[in-house]
Amino acid sequence: MKLYGYWRSSAAYRVRIALNFKGIKVEQHSVHLVKNGGEQHARDYVSLNPQHLVPTLELDDGTVLTQSLAIMEYLEECAEGAKLLPESAIDKAQVRAMCLAVACEVHPLNNLRVLQYLATDMALSDEVKNAWYHHWIHEGFAAIEKMLARHSGQYCFGDSPTLADACLIPQVYNARRFNVPLDNYPNIVRIDKHCNSTQAFIDALPENQPDAQ
């Protein structure tokens, strides 16, 4: 199994967390999102992932999967290891709502290609670009904080790790990279601290990846 990703991609980071909980070792292939104009735009890679995005998971039979949430759901359905979705349909829906709050509401507005567009095509200053980033983090985290107040224990949903934690922790990592104040989000900070004390999350950290720079 091959994982095409980039050490600082939060979407690839999510998948690494899920793989670690499933106990799956993969062959990692770095797709540098900045070098040479972005290796995600190279012809060979686009033949795997026509969206020019990471991650991409290539299964042993050659099947190619894209989109981090789809990959994690596949792993949950088909791989052994820790269960990352609860049992009941209602509880699954609550966890998926948290995942989507990060992956569909926050991350798409703040990912690399959006920030590059703001800086180049829109000619926005770093100050304005960072204000954009902070705004959408605060919008998303304010809502997620309330969701966690209803459902969290040690983790986002109760006292067992779920796909919601795999989505949230990379977004917190990114928020800290961009110096977003987190004082108003005690549940997010608490869960982030707990998750990053466990091995599956530690091993998935960007700085612990072979292509970290």
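What volume does the second largest pocket have? In this predicted model, in which local features need pLDDT of at least 70, side-chain atom pairs count only at pLDDT 80 or more, and totals for chains, interfaces and linings use all residues, that volume is about 190 Å³. Residues are numbered from 1 along each chain as its sequence is written, and side-chain values use heavy atoms, with hydrogens and water left out.

A pocket is defined on a 1 Å grid over the protein atoms alone, as an open set of points where a 1.4 Å probe fits, with protein on both sides within 12 Å along at least five of seven lines, and its lining residues have an atom within 4 Å of a point. Grid points are joined across faces, edges and corners, and a volume is the space filled by probe spheres set on the points. The lining of the second largest pocket includes Leu3, Arg16, Leu19, Asp203 and Gln209, and helix H1 gives the most to this lining, with three residues.

The largest pocket holds about 780 Å³ of space. Its lining consists of 35 residues, and Ser9, Leu53, His107, Asn111 and Leu112 are those that lie nearest the centre. At least two lining residues come from each of the helices H1 (10–22), H3, H4 (89–110), H5 (112–119) and H7 (163–177), where helices (H or I, at least four residues) and strands (E, at least two) are DSSP runs numbered from the N terminus.

Four strands form an open sheet in the order S2-S1-S3-S4, with mixed pairing, two strands being paired if DSSP finds at least two bridges between them. Because strand S2 (27–30) and strand S4 (64–66) stand at the edges with a single partner strand each, one side of each is left without a neighbour in the sheet. From one strand to the next, the twist averages 20 degrees. Strand S3 (residues 56–58) pairs with S4 in the antiparallel sense over three bridges, and Glu58 stands opposite Val64 in S4. Helix H3 (residues 68–78) lies across S3 and S4 and runs at about 125 degrees to S4; axes are lines fitted to C-alpha atoms, for helices over the stretch in contact, with angles from 0 to 180 degrees between N-to-C directions, and contact means heavy atoms within 4.5 Å.

According to the unreviewed UniProt entry, residues 1–83 carry the annotation "domain: GST N-terminal", although such annotations may be inferred rather than shown by experiment. This span is 36% helix and 17% strand, and its end C-alpha atoms lie 20 Å apart.
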